[in-house]
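Colleague: I am new to this structure. Please take one part and look at it closely, then show me what lies around it.

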Amino acid sequence: MKNEKFKTLKVLSALCILHFAFLICAKAQETPPPPSAPKVVNIPAVKEKTLPNGLKVAVVERKNVPLVTVRLLIKSGASSEEMEKAGLANMTASLLTKGTKTRTATQIAEQIEFLGGSINAGAGWNDSFVTVNVMSDKLDAAMTIMSDVVLNPTFKQQEIDLLKSQSLDNLAYNLKQPGFLANYVSSAYSFKEHPVGGTTAALNSIKQQDIIDFHKNNFSPARAVLIFTGDITEAKANLLAQKYFGKWKSPAKTILGSGDSSNFPPKSPVGTKNSEQNLSKIRRILVVDLPNSGQAAVKYLKGLEAGRVNYNGGKVGVNPVYYPSIVMNSVLGGGYSSRLNQEIRIKRGLSYGAGSAFSWRVENSNFATSTQTKNESAAEVAELVLDEVKKLADKSVSASELNPRKLVLTGDFGRDLETTQGLAAALADLYSFELPVAELNSYMKSVQGVSDAQIREFAKQNLAGGDIIIVGDAKVFMDDLKKRFPNMKIEIVKAADLDLSKLN
Amino acid sequence: MRKFPAFLSMLVFAFVFSQSVFGQAKITPLNIKQRALPNGLKVVSLQDASSPTVSVHVWYNVGGKNDPQGRSGFAHLFEHMMFKSTKNMKSEMMDRLTEDVGGYNNASTWDDFTNYYEVIPSNYLETLLWAESDRMANLNVDDANFKSERDVVKEEYRQSVLAQPYGRFFEYISSLSYQTHPYKRGVIGNLDELNAATPQDANDFYKLFYRPDNAYLIVAGNFEQAQLDAWTDKYFGRLARPSGAIPRVTTVEPDRAQEKRQLTTAPNVPFPAVAITYLAPNSKSADIPALKIAETILSNGESSRLYQALVYKQQIAQEAVFSADVRVDKGLLYFYAIASEGKKPEELEKSLLAELKKIQTSPVAANELAKAKNQLITRTLQERETNDGKALAIERAVAYQGDPNAVNTDIQKLQAVTVADVQRVMKKYFTDKNRVVIYYRQEGK
C-alpha cells in the first residue's frame, strides 16, 4: 500500500504542523484564533527527611482534594531474582497484604476498604512498592494497616499456594493474547532478562523459604523511601512516618550495604554491544505461532548499553543520553501523532495504534516498538516499523516536527503530576534510581534543550541491530514475511511449546 | 474510543465508569454554571485555577444505539471521522491544536452518547472552542479518509474483540441479553456491517445528530467566566439550529418471559466463563442508587462478597464480578466469572446464584453499607483530582439524568441508601424469569 496518495498526505500534514497556530491552508476560510499568554506550570516542592533508622521520607503537599497517596518504595525488584525464580519479587510484595501476625488477608482487605481506601503491592524490574490511597481524614488508620503489612508479614503457605495458582491462571490467560505473548518472549529473547510476572516453570518452583529470604534480604528501611503526596503537611507526614515506621529495623544481614550506590541497585544484564551492531540490518526474526489469533503483534526490540544513571566522580546523575532518548522516542512512537502511528495507523489504517518505549534500568535499557495488526499485514507492518527506526539514524528531525514532540512530553509530565498517585509514582521513579528529586524541576528545561543532532547520534549509536518478533497466526503471514526479508533467518516456535529458558 | 485499545461500551469497563458515587464524608459540591444558547446548545462550566490547564468536552446525544439499520458500529466509526477534515481544518488538525501544544484529545462512543474532549494549556481555550464549533458544523467526509479510518476501526475490533480471549464473551453479554432494543448490537459492531458503511452514510448521520441542539459544551479548568461566555457566543452562537427533528430510539425492550440459556464458544479461550444477566431499570429510576451500592458490596475490592466467596474461599474463579451497567433505557445487571484451572462453569453459576440469594434473603451488614459508601466517595474524589475527571462526571450527569446538577445530587441519593433499600432492589429485579445465562468456552471442546 505504499502509493503516491499517502506521500501527498504526508506533505500536507507536515505543512500543517509548521503553521498550526496561524494555519493558512489552501481552501481554509478561517484560521484558528491564536493562544493567549501561557500560565505557569507549578512543580511542587519536595520536602525530604531521613529517620534515625535510615528510612527516607519525602512529602509533597497538595490541598485541592482531600486525598493522600502513601507509596513505600523498596529499591529491589525483579532484577534481584534469578530466571529460575522469575516472579519471586512480585510474589513477595504481593504476599505482604495476604496476612500479618495479627491480621488475615481478608481482614487487611476489609479494614483498608472500610476506610474507602485501597492497598496495592507489587514489583517491577527495578523496585518493589506498597501504595495506599485514602481520604486524608482516614490516613492514620490506613497507615496502621500499611505498616503492619510491611513490618509483620507471615507468608503463610496457603496464601502462597493461592497466589501461585492465581498467577499461573493469569499467565495462561495472558499467553493467549498476542501482545502480551510478544512482550513475554522478548524479555528473554532480546533482552536476556525474564518476565517480572514470572514464567510457568519458575512460579511452580518458588518455595516459601525463597519468599522469606527475598523479603529478609531486600525489605529494610535503609533501602526504602516513604513518599507522601496530597492533602497532608510535612510535619504530619513525618510524625506518621516515625510513628508507623520508626521502629522498622534493618535485618542483621542484608545482601547490600545501605546507602552505597556504587554497587546498588544490582547491575542488570547488558544487551548487545554497540560494536556488534550492523547499522543496515536487523539481527534476526522470531515468529511465535498462535493459531487462530485475532491479530498479529509486531515488535522491534533492541537492548541498549545506555542506562538511566550516570556516575560522575562518585556522584549519581541522569545519563546525558536520557533526555535525547526520550525526545527521540516521542518523535518515533510516543503519543498519537508520533511517526509510527502516523505511518501505520493514520496513513494506512493497518492498526488501532503503534508506538514505542524504553524500559530503563540503572546501567542499560530496553527499547521496544509495539503494534497489533491483522495477520495478513504483519510482514508489511514489520517493514514499516524498521523503516521508521532506520530513518531516525539517517535523517535529522526538523524543528517543526521536533518542537511539538517535546511539548507532548512536557504536557504529559505536567498532567501526570496532577494526581496524588501520579506525583508519588514520578518521585518513586527518581528515588528508585537514586536520582535527586530536583530532576522534577529541571525536566521541562532538559527536554527543551535536546537537539536534533543529539537524537540522530543516539539513534545511530543505539537502535540498529535489534530483533523482530511477530506473534500471530503464522500460516497467514509466513510467505509474505519470507518474501519481504529474503536474506534473514526466521526462527519459528509454537506458542503452545514455548519455553523461555530455551530461547537464545 | 479513538486512541486506546478499548471502546467504552465494553461491559467490562462499566464498573470503573459507573455513574454513582458518594458517602458520609463530605464532598464539596461542584460549583457549575449553566447557560443555553438560542440555537439550543447547552453549556456547563466549572472554574478551577489549581492547574494551568482546561478541559473542553463536547457531548452529543447520539451513541451506538443510534446506529443505522444494517450499520452496527457506525456511530463509533463516525466518531473517528470527526478527527478528519472540516471546511477550515485539515485532517488531524485537532492533534496539531492539542497534542502539539502539550495537550491531548480523545473521544469515546458509548451506547447512549458520544463525547469529544481535549485537555490543553488554558491559553489555548479560544482556539479549541473555535475548532470544536468548526467540526460541529463543517465536517468534510472524503472517500480516502473514510476507507482508511474504517480500516482502523476494523483493527480496533480485532484488537479488542478477536485478539482477546474474553473479547467475544463481552459482546455476547450485550447481544444475548436484549431481544429488540438496539443495545443488542453493541457499540463496536461487526466487520461485515462496518464494511457495508459508506461516506454517504456518514454525511447523513452527521446531518441528523451533529447539531447544537443535540449537544452540551462542558468546560472545566482555568478560565475567566466572562471570556468563556463571550467566546462561546462568538464561535457556537453563529451555528444554525437545523429545522428537522432529531430521531430518537423509541424501542422499549420487553420484559423477559422466561429464563434463557446459551452456550457460546471462541478460539484461544483458556478457561470457561459464565455470565448471568438481568434487565435493569432505566438510569432515572429511583432504584439505581441502591443497585449501585449493591454493586460495590458485591464486587468492589478484595473484601467484596464475590471475591471473598468465589476467588478466595472456594477458589473456583480467577475473577468474579457484578456490574450495574446502567443505561438511558433498560440497562443490564450482570454477574460474570472466569473459571480457575480445572473448574467448571456449572460451579461458577451455582456459586454466583448462591451469593445472589444471600444478598436477597439477609440484610447486608451496616458496616458493609458504610464501607461501600466510603469506597464510592474515595472514587469520586479521585476522579475530581483533574479537570478532565470533573468534566466527565458532569457528562454522566447529563447523559443519565438529563441534568448537569445531578453531578451533585446523585451523591446525596447514594448517601441516603439504606440496608432495606439494597434488599428490596435485589429482590425486585433478580427474578428467575428475568435471567439470561451465558456459558463461554474454547471452541471444539
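Modeller: First, a term: two residues are in contact when they have heavy atoms within 4.5 Å of each other. Keep in mind too that this is a predicted model.

The part to look at is helix α7 of chain B, residues 199–209. Which of its residues are buried? They are B:Pro199, B:Asp201, B:Ala202, B:Phe205, B:Tyr206 and B:Phe209. Here, buried means under 20% relative accessible area. Now look down the axis of α7(B). The buried residues fall within an arc of 150°, so they line one face of the helix.

What does that face pack against? The buried residues of α7(B) pack against one strand, β3 (53–60) of chain B. They also pack against helices of chain B: α1 (74–81), α3 (125–137), α4 (143–162) and α6 (191–196).

Strand β2 (residues 42–47) and strand β6 (residues 215–221) of chain B run parallel, joined by six bridges. B:Val43 sits opposite B:Leu217 in β6(B).

Chain B has a further open sheet, with five strands. Its order is β7-β11-β8-β10-β9, again with mixed pairing. B:Ser323 has B:Tyr334 in β10(B) as its bridge partner.

Now turn to chain A. This chain holds 17 helices and 14 strands. Of its 504 residues, 58% count as buried. Its accessible surface comes to about 20100 Å², and 53% of that belongs to carbon and sulfur atoms. Take contacts between residues at least 6 apart in sequence: 80% join residues at least 24 apart.

Strand β12 of chain A (residues 365–373) is worth a stop. Eight of its nine residues are buried, so the strand is largely enclosed by the rest of the structure. Seven bridges tie β8 (residues 296–304) of chain A to β12(A), and the two run antiparallel. There, A:Gly303 stands opposite A:Asn366. Strand β11 (residues 354–360) of chain A is also joined to β12(A) by seven bridges, again antiparallel. A:Ala354 faces A:Thr371 in that pairing. With four residues between them, β11(A) and β12(A) form a hairpin.

How far can chain A be trusted? The mean pLDDT is 89, and 88% of its residues reach 70 or more. Residues 1–28 of chain A stay under 50, and the model has 39 contacts for them beyond four places in sequence. Residues 254–280 of chain A are also below 50, with 51 contacts beyond near neighbours in sequence. Where pLDDT is low, the predicted coordinates should not be read in detail.

Methods:
Residues are numbered from 1 along each chain as its sequence is written. Chains are lettered from A and ligands numbered from 1 in the order in which they are written. This is a predicted model: local features need pLDDT of at least 70, side-chain atom pairs count only at pLDDT 80 or more; totals for chains, interfaces and linings use all residues. Side-chain values use heavy atoms; hydrogens and water are left out. Two strands pair if DSSP finds at least two bridges between them. Buried means under 20% relative accessible area, exposed over 50%, partly exposed in between (1.4 Å probe, protein chains only). Accessible areas come from the Shrake-Rupley method with a 1.4 Å probe; for residues, only the protein chains shown count as cover. The arc is that of the directions from the helix axis to the C-beta atoms. pLDDT is the predictor's confidence in each residue, from 0 to 100.
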